[in-house]
2 protein chains.
Amino acid sequence: MSGFDELQRKVRKLQSRAGNAKMELHDLAEDLPVNWTEIKAVAEKTFDVFAELDAAKRDLAVFESSR
Amino acid sequence: MSGFDELQRKVRKLQSRAGNAKMELHDLAEDLPVNWTEIKAVAEKTFDVFAELDAAKRDLAVFESSR
């Protein structure tokens, strides 16, 4: 598998994880005040996934523009 | 105004602020990935309000049980 394919696969995986994290944060917010002590941990996880996705997307864009 | 009244008023105010913070976090989650860099700041604000509300409610409960 080429580096480009691998990068595309990574982005797709991260998009799926980001979708799940978004849903988890959304459900937490909806159910508040239930589980309010979990806010920071869930938010941090969500932030980390979106940061990783953002970086991978930028890598992919660099790759695409250099082909 | 008695200490009890003041405490009741504080709890009501915090309940209103917590409701707003909950909505803000909910809207942020709904609109992701838009503003994903704001996740931690919004979550921290929400957490702080709910922590304050929780403490005030417990103060009120102590007050009520001692009357």
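**Surface charge, loop geometry and aromatic pairs**

Lys22(A) is partly exposed, because its relative accessible area is 24%. Here buried means under 20% relative accessible area, exposed means over 50%, and partly exposed lies in between (1.4 Å probe, protein chains only). Lys22(A) sits in helix α1 of chain A. Helices are DSSP runs of H or I with at least four residues, strands are runs of E with at least two, and both are numbered from the N terminus. Lys22(A) and Glu44(A) are 22 residues apart in sequence. In space, their C-alpha atoms are 11 Å apart.

The model is predicted: local features need pLDDT of at least 70, side-chain atom pairs count only at pLDDT 80 or more, and totals for chains, interfaces and linings use all residues. Residues are numbered from 1 along each chain as its sequence is written, chains are lettered from A and ligands numbered from 1 in the order in which they are written, and side-chain values use heavy atoms, with hydrogens and water left out.

A patch of negative charge lies on the surface. It gathers Asp27(A), Glu30(A), Asp31(A), Asp27(B), Glu30(B) and Asp31(B). Helix α1 (3-31) of chain A and helix α1 (3-31) of chain B each supply at least two residues of this patch. Patch residues have over 30% relative accessible area and no salt bridge; like charges are joined within 9 Å, and nonpolar side chains (Val, Leu, Ile, Met, Phe, Trp, Tyr) within 5 Å. A salt bridge is a side-chain nitrogen of Lys or Arg within 4 Å of a carboxyl oxygen of Asp or Glu. Asp and Glu count as negative, Lys and Arg as positive, while His and the chain ends are not counted. Glu30(A) belongs to helix α1 of chain A. Its relative accessibility is 43%, so Glu30(A) counts as partly exposed.

The loop between α1 and α2 (39-65) of chain A holds Pro33(A). A cis peptide bond joins Leu32(A) to Pro33(A), with omega about 10°. In chain B, Pro33(B) is in the loop between α1 and α2 (39-65). The bond from Leu32(B) to Pro33(B) is cis, and omega is near 15°.

The loop between α1 and α2 of chain A also contains Asn35(A). Its phi is near 60°, a positive value in a residue other than glycine. Asn35(A) is partly exposed, because its relative accessible area is 47%. Asn35(B) lies in the loop between α1 and α2 of chain B. Phi of Asn35(B) is positive, near 60°, and this residue is not glycine. Asn35(B) is partly exposed, because its relative accessible area is 47%.

Aromatic pairs were counted next. Rings of Phe, Tyr and Trp (its six-membered ring) pair if their centres lie within 6.5 Å; planes under 30 degrees apart are stacked, over 60 edge-to-face, and the rest tilted. The count over all chains is 4 aromatic pairs. In Trp36(A) and Phe47(B), the ring centres are 5.4 Å apart and the planes meet at 50°, so the pair is tilted. Trp36(A) lies in the loop between α1 and α2 of chain A and Phe47(B) in helix α2 of chain B, so this pair joins two chains. Trp36(A) and Phe47(B) are both buried.

For Phe47(A) and Trp36(B), the centres are 5.4 Å apart and the planes lie at 50°, so this pair is tilted. It crosses between chains, from Phe47(A) in helix α2 of chain A to Trp36(B) in the loop between α1 and α2 of chain B. Phe47(A) and Trp36(B) are both buried.

Terms used: Accessible areas come from the Shrake-Rupley method with a 1.4 Å probe; for residues, only the protein chains shown count as cover. The place of a charge is taken as NZ of Lys, CZ of Arg, CG of Asp or CD of Glu.
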